[in-house]
Amino acid sequence: MKSSLIGLVIIGAAAAAVSFKPQATKEDAQAAMERATRYAASNGNEALVKSLQKANSPLHAGATRVLVLDMAGNVVADPTQPQRVGRNVLDLKDTHGNYLFVDALQVANASGEGWVYYKTRSPMTRAERREAALVKRQGDVVLLATLND
């Protein structure tokens, strides 16, 4: 009985460790966007891009990341997928066939700031998940502070 209980505790702890992922909130995304826009206002968009590309950037915090696109839909900075820098992403669709970044550019052009929502698949479990991004136009670029549910 004792060894069964120990085995159950170990399996439970392992399952908890595998299923844990930090959850970003809208407040986290807003705070990340505030840090990024404040940094850009003080140092310029070029310095912002360089800082975002560094793994140890003070602009990274928690589960929220900030992407930078130019107005044509080309990735200027992507801290988690740096291989996408320079790539046009307007053709990327979510799991429901909606364009991921077209809406973001429309929001940036229309109102300067707002939220966009889309569905993706978890890279770990392949389960569909809802994601959101706070979008803000910053001069000639668009910042996206992303989070997932």
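This report describes a predicted model of one protein chain, from its overall make-up to single pairs of residues.

## Basis of the model

Because this is a predicted model, local features are given only where pLDDT is at least 70, and side-chain atom pairs only at pLDDT 80 or more, while totals for chains, interfaces and linings use all residues. Residues are numbered from 1 along each chain as its sequence is written, and side-chain values use heavy atoms, with hydrogens and water left out.

The predictor's confidence in each residue is the pLDDT, on a scale from 0 to 100. The protein chain has a mean pLDDT of 83, and 84% of its residues reach 70 or more. Confidence is highest in strand S2 (residues 75–77), at a mean of 96, and lowest in helix H1 (residues 2–19), at 41. The pLDDT is below 50 over residues 3–21, and this stretch has three contacts in the model beyond near neighbours in sequence. A contact means heavy atoms within 4.5 Å. Where pLDDT is low, the predicted coordinates should not be read in detail.

## Overall make-up

The protein chain has four helices and five strands. Both kinds of element are DSSP runs numbered from the N terminus: helices are H or I runs of at least four residues, and strands are E runs of at least two. Read from the N terminus, their order is α-α-α-β-β-α-β-β-β.

Of the 149 residues in the protein chain, 36% are buried. Buried means under 20% relative accessible area, exposed means over 50%, and partly exposed lies in between (1.4 Å probe, protein chains only). The accessible surface of the protein chain is about 8600 Å², and carbon and sulfur atoms account for 56% of that area. Accessible areas come from the Shrake-Rupley method with a 1.4 Å probe; for residues, only the protein chains shown count as cover. Among contacts with a separation of 6 or more, 44% are between residues 24 or more positions apart.

In helix H3, the buried residues are Leu 48, Val 49, Ser 51 and Leu 52. They line one face of the helix, because they fall within an arc of 165° when seen down the axis of H3. The arc is that of the directions from the helix axis to the C-beta atoms. Glu 46 and Lys 50 are exposed on the other side of H3.

Lys 50 and Glu 46 form a salt bridge, with the closest N and O atoms 3.7 Å apart. A salt bridge is a side-chain nitrogen of Lys or Arg within 4 Å of a carboxyl oxygen of Asp or Glu. The two residues are about one helical turn apart, because they are four residues apart in H3 (residues 45–52). An α-helix has 3.6 residues a turn, so residues three or four places apart point the same way. Lys 50 has a relative accessible area of 53%, and Glu 46 has a relative accessibility of 58%.

Ala 61 lies in the loop between H3 and S1. With 35% relative accessibility, Ala 61 is partly exposed. Ala 61 and Asp 28 are 33 residues apart in sequence, and their C-alpha atoms are 8.3 Å apart in space.

## Strands S1 and S2

S1 is largely enclosed by the rest of the structure, because five of its six residues are buried. S1 and S2 pair in the antiparallel sense over two bridges; strands count as paired if DSSP finds at least two bridges between them. Val 68 stands opposite Ala 77 in S2. The hairpin of S1 and S2 has four residues between the strands, and Gly 73 takes a positive phi near 90° there.

## Strands S3 and S4

Strands S3 (residues 113–121) and S4 (residues 128–138) run antiparallel and are joined by nine bridges. Gly 114 stands opposite Val 135 in S4. S3 and S4 form a hairpin with six residues between them, and Arg 126 in the turn has a positive phi of about 65°.

## Other salt bridges

The count for the model is five salt bridges. Arg 65 forms one with Asp 78, where the closest N and O atoms are 2.9 Å apart. This pair links distant parts of the chain, 13 residues apart: Arg 65 is in strand S1 (residues 65–70), and Asp 78 is in the loop between S2 and helix H4 (102–110). Asp 78 is buried, at a relative accessible area of 0%. Arg 65, Asp 78 and Arg 84 are linked in a network of salt bridges.

Glu 131 and Arg 129 also form a salt bridge, at 2.9 Å from N to O. Both Glu 131 and Arg 129 are buried.
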